[in-house]
Amino acid sequence: MPNTTLTRATIAAVAALTVGACASPPEEATSPGGRSRPGSDLAAEAGSTEVEGPEPRLVVSDADSGRVAVLDLATAEALRSFEFDNPVRLTTVKDRYAFAVDGTGGAVHVVDAGAWTIDHGDHTHSYTKDPVELGVLEGDGPGHVIEGDDKVATFFDGDGVARVIDFAALRKDSIDVGTVARADAPHHGVALPIADGFVVSHSAATGTGTLEFHTADGAVPQRFDTACSNLNGAAVSDTQVLGACEDGLLLATAGDGTWTSEKVAYPAGIGAATRPTALRGHPELPLHVATAGPATTNDGLLVFDARTRGWTHVRTPDRALDVALAGDGRSVFAVLADGTFRVYDAQSGTETESSRVLAHPYDPSGAAATPPVIVVGGTRAYVSDPASKSVAEIDFRDNARVARTLDVGVAASTLGVVGL
């Protein structure tokens, strides 16, 4: 596989973004001390520098070593490395921050990866600063992180408490919790910021849980009638929350001050061993994608369209280890156990391109091995190869070409891209 370096100019061109002057809206007001480009009337945050175009960064976590590293994608240079206990999951938030979840204790470390772009419609402003840890959110038991509605919520299973941070606080280098939402009891659950409130999972002794809507002041005006047993996997769009339940997908929709909820059955042949347990998508798109079950029992991938309530079940040539959705919603990407990266049409499920990205096939029966993962940033997809401690950068618009291979020095368990 070729090993090449993209210049900053190339990345800016690929992103197809231009920088211009504009007025700064109130929510983007910043403190003095940053460096704006000549002619720009948008103040830069303290410690940041406005740059000509997006300078994206790759965030890599390795649960075994406890390392979270931030790399400059133009030069592949490691900018900063953080040492945490067991960062098994990494959630990128607002295309700038990384929330690293400790897999053994109750902690979520919040990192400002130091690259971001502000979109003003006809032009953008891009900034960089040194990566820094903003702090840690403490809880009891495993944590889960969900972004939505200009907020990010962390839910801790061991205490059933969600701690919610507004993006305005993050922009001020603060992780001050603005709202605390409490479930009825500790359980494997989730909190989803939406509609100026939070949808929080509700535990039940029978295992047949429900979801309820909490307002910011702590009131619970509505509990959804639709049960969701063994919730495992959730997502937020502009007006909907989705929960992957044991017997189908719960879809709750906000409108006119009230919520409606329904259960959408999984496709024929999808059962307990092949149901989705994680949902991937983009808030502005109606599509969500998932692997059809974990690697050991996988049966391809699933695409759900919230507009039609329809599923597309794609049976892949080998077991799908991870999936992702293109930003325009047209393509679905998967890394398979045979070591290939596959591109599928999101509507028909037809395979359109493929390339080899792993040095060796992945054995799903090897429970101790770290599986490959995918993340999408702009017009590139990034696939980790933990066995070779590398990440493949793929130009999925050019026949799924492997543009370069990055030596990241760790067995990446999760990836994130920021700055676009």
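This is a predicted model: local features need pLDDT of at least 70, side-chain atom pairs count only at pLDDT 80 or more; totals for chains, interfaces and linings use all residues.
Figure 1. Strands β20 and β21, the latter covering residues 240-245, pair in the antiparallel sense through three bridges. Both belong to an open sheet of four strands, ordered β20-β21-β22-β23, with antiparallel pairing. At the edges of this sheet are β20 (234-236) and β23 (258-264), each of which pairs on one side only. From one strand to the next, the twist averages 15 degrees. Strands of a sheet pair through backbone hydrogen bonds, in either the parallel or the antiparallel sense.

**Figure 2. A disulfide joins C228 and C245.** The count of disulfides in the model comes to one. The sulfur atoms of C228 and C245 are 2.0 Å apart, and the two residues form a disulfide. A disulfide is a covalent bond between the sulfur atoms of two cysteines. The link of C228 and C245 is left-handed, with -105 degrees about the S-S bond. C228 lies in strand β19 (residues 228-229) and C245 in strand β21, so the pair ties together parts that are 17 residues apart in sequence. C228 has a relative accessibility of 5% and counts as buried. C245 also counts as buried, at 0% relative accessibility.

**Figure 3. Three strands, β1, β9 and β8, form an open sheet.** The strands follow the order β1-β9-β8, and their pairing is antiparallel. The edge strands are β1 (49-51) and β8 (115-119), and each of them pairs on one side only. Neighbouring strands of this sheet are turned against each other by 35 degrees on average, direction ignored. Between β1 and strand β9 (residues 124-128) there are three bridges, in the antiparallel sense. V51 has S126 in β9 as its bridge partner.

**Figure 4. Strand β33 is buried along its length.** Six of the six residues of β33 are buried, so this strand is largely enclosed by the rest of the structure. From β33, R380, Y382 and S384 point one way, while A381, V383 and D385 point the other way. On one side of the pairing, strand β32 (residues 374-377) meets β33 in the antiparallel sense over four bridges. V375 has Y382 in β33 as its bridge partner. Strands β33 and β34 also pair in the antiparallel sense, over six bridges. In that pairing, A381 stands opposite I394 of β34.

**Figure 5. Two hairpins share strand β33.** β32 and β33 form a hairpin with two residues between them. In its turn, G378 has a positive phi of about 65 degrees. β33 and β34 form a hairpin too, with four residues between them. K389, found in the loop between β33 and β34, has a phi near 55 degrees, a positive value in a residue other than glycine. K389 is partly exposed, with a relative accessible area of 41%.

**Figure 6. The largest nonpolar core has 19 residues.** The residues with the most contacts inside this core are F333, V335, F341, V357, I374, V383 and I394. Strands β28 (320-325), β29 (331-336), β30 (340-345), β33 (380-385) and β34 (390-395) each supply at least two of its residues. Not counting residues up to four places away in sequence, I394 touches F341, V357, T379, R380, A381, V383, A400, R401, V402 and A403. Apart from this core lies another, of 17 residues, including L192, I194, F224 and L250. In soluble globular proteins, nonpolar side chains tend to be buried together.

**Figure 7. D196 has a positive phi in a loop.** The phi of D196 is near 60 degrees, which is a positive value in a residue other than glycine. D196 lies in the loop between β15 (191-194) and β16 (197-202). With a relative accessible area of 60%, D196 is exposed.

**Figure 8. D305 is a buried residue of strand β26.** Strand β26 covers residues 301-305 and contains D305. The relative accessibility of D305 is 8%, and under 20% counts as buried. Leaving aside neighbours within four places in sequence, D305 is in contact with P286, L287, G310 and Q347.

Terms used: Residues are numbered from 1 along each chain as its sequence is written. Side-chain values use heavy atoms; hydrogens and water are left out. Two strands pair if DSSP finds at least two bridges between them. Axes are lines fitted to C-alpha atoms, for helices over the stretch in contact, and angles run from 0 to 180 degrees between N-to-C directions. A nonpolar core is a set of buried Ala, Val, Leu, Ile, Met, Phe, Trp, Tyr and Cys residues joined through side-chain atoms within 4.5 Å. Buried means under 20% relative accessible area, exposed over 50%, partly exposed in between (1.4 Å probe, protein chains only). Contact means heavy atoms within 4.5 Å. A disulfide is a pair of cysteine sulfur atoms within 2.5 Å.
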